[in-house]
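Please read the points below with the sequence and the model side by side.

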Amino acid sequence: MTQRTTKTKGKDQAQPLYDFLVVSNRLPVDRVGEGEDSGWRRSPGGLVTALAPVMENSDGAWVGWHGAPDEAVEPFEHGGISILPVPLSAAEVENYYEGFSNATLWPLYHDVIAPPEFHRAWWDAYQRVNQRFADAAAGHAAEGATVWVQDYQLQLVPAMLRAARPDLKIGFFNHIPFPPQEIFAQLPWRRQVLEGLLGADLLGFQRPNDAANFSRAARRYTRASGKGTHLTVTEGTHDGGGSPRAREVRAEAFPISIDTARISELASRPDIIERAKQIRQDLGDPTTIMLGVDRLDYTKGIRHRLKAFEELLSDGRVKVGDVTLIQVASPSRERVEQYRILREEIEGTVGRINGTFDTMQHTAVRYLHHAYPVEEMVALYLAADVMLVTALRDGMNLVAKEYVAARRDGTGALVLSEFAGAADQLKQALLINPHDIAGVKDAITTAITLPHGVATRRMKAMRRQILVHNVEEWSSSFLARLEEVCP
């Protein structure tokens, strides 16, 4: 990729233009401090980790919201990346983000585990905000630039960008699952969303089934044609607007991963190793520590995990003092009613389990409703003998991969839902159907009693997979493929 260019707009105003832009709901930085002491730090998320090196090497720009409503922030530079903030009002955060994105699309795309809500005011806000993001990207993109749009909050942006700037190379990546056609059909604005996505040249999904689900829906509800995930879109025929033109669109799987080297490096630090030992001591040195790490979300299967553990305790198959479960549930969308209800239910369940099974010396479940820095998370991964990932539906679940990356000595066991995208790569995990509570219980007891040699062979095989297929390989493979489909 080439360096940024600058072109003059109007008589006196110079507009910075970029050859590579990322467009996502949030910027790759978080504000720290207040008032005159405020500043910015790089966000800890996986997407930022994946794309920051690409941005730095290409002198690229990132378009996104900075996280505070009703506030305009001027463009700035941070860590070698040009930051292009898009403002959102408090009403737009409520309707576009909390509403349409997270109370309509999120449950719909996660197999309607919770019922989606369909409100025209939310849809109107979603359209307006997507247009604002598209305008920001179009206004800062150099001729022939590459623009990579991220995730379900911005599904209309590709078509909006193509309408404004047909010279651009446009990629889109969907970080969450894409539902089967029969579920997606419930969306009143299904055609508009699909047409928005079809504005991209290359659509990336976590799993092959997600790409296939999208392609089937596109052929059913739009004028897209083709076989498999190779689609042809005919453009230029609405209202007699020019001669028809066929354009190729590809939908393919690019499973995202983690910064394996960083997690592995942290896992070798003496202070983090010592912290892991301290965690075990603080819990009374149980024989087995099990760990769950999730956003507090109804898709993560936390209730199913707790039910399985409670029944194991009740059955006498495990005992408090021998086995402890640490459940980290980081706060999530606490203004959304479904999430408030979930938090109350989870906390009530934990209280019942501990009230029934705790001893004076030991606790059954150590519940932590906090977000932790990566160093503490790696210490938890090192302290845990068994990792529980019981997602009911998950695009990938990077926690599973982080646990494997941290287990440098090959120890530990991973119990992994087959409904998480990570199950496609981590085939040596103990795969489960989280709805089958008896099966989850059996997998947990197997993980606890797994012979050392068997556990080591499984873990080392999974580590080999993520060492090769890391986050750098994910971003480079997507962008290389985008160049192939846009010669």
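1. A residue is called buried under 20% relative accessible area, exposed over 50%, and partly exposed in between, with a 1.4 Å probe and protein chains only. By that rule Y109 is buried, with a relative accessible area of 0%, and F184, at 0% relative accessibility, counts as buried too.

2. This is a predicted model, in which local features need pLDDT of at least 70 and side-chain atom pairs count only at pLDDT 80 or more, while totals for chains, interfaces and linings use all residues. Residues are numbered from 1 along each chain as its sequence is written, and side-chain values use heavy atoms, with hydrogens and water left out.

3. The structure holds 21 aromatic pairs, where rings of Phe, Tyr and Trp (its six-membered ring) pair if their centres lie within 6.5 Å, and where planes under 30 degrees apart count as stacked, over 60 as edge-to-face and the rest as tilted. The rings of W40 and F76 are a stacked pair, because their centres are 5.0 Å apart and their planes stand at 25°. This pair links distant parts of the chain, with W40 in strand 4 (residues 39–42) and F76 in strand 6 (residues 76–78), 36 residues apart; helices (H or I, at least four residues) and strands (E, at least two) are DSSP runs, numbered from the N terminus. W40 is partly exposed, at a relative accessible area of 22%, whereas F76 is buried, at 17%.

4. The rings of Y109 and F184 have centres 6.2 Å apart and planes at 55°, so this pair is tilted. Since Y109 lies in helix 2 (residues 90–109) and F184 in helix 5 (residues 181–184), the pair ties together parts that are 75 residues apart in sequence.

5. One aromatic cluster is formed by Y96, F100, W123, Y126 and W189.

6. An open sheet of 6 strands, with parallel pairing, has the order 16-15-14-17-18-19; two strands pair if DSSP finds at least two bridges between them. Its edge strands, each pairing on one side only, are strand 16 (365–368) and strand 19 (430–432).

7. Within this part of the model, strand 17 (residues 386–389) and strand 18 (residues 413–417) run parallel and are joined by 4 bridges, and V389 stands opposite L416 in strand 18. Helix 12 (residues 374–383) packs on the sheet, touching strand 14 (288–295), strand 15 (323–330) and strand 17, where contact means heavy atoms within 4.5 Å.

Notes
Axes are lines fitted to C-alpha atoms, for helices over the stretch in contact, and angles run from 0 to 180 degrees between N-to-C directions.
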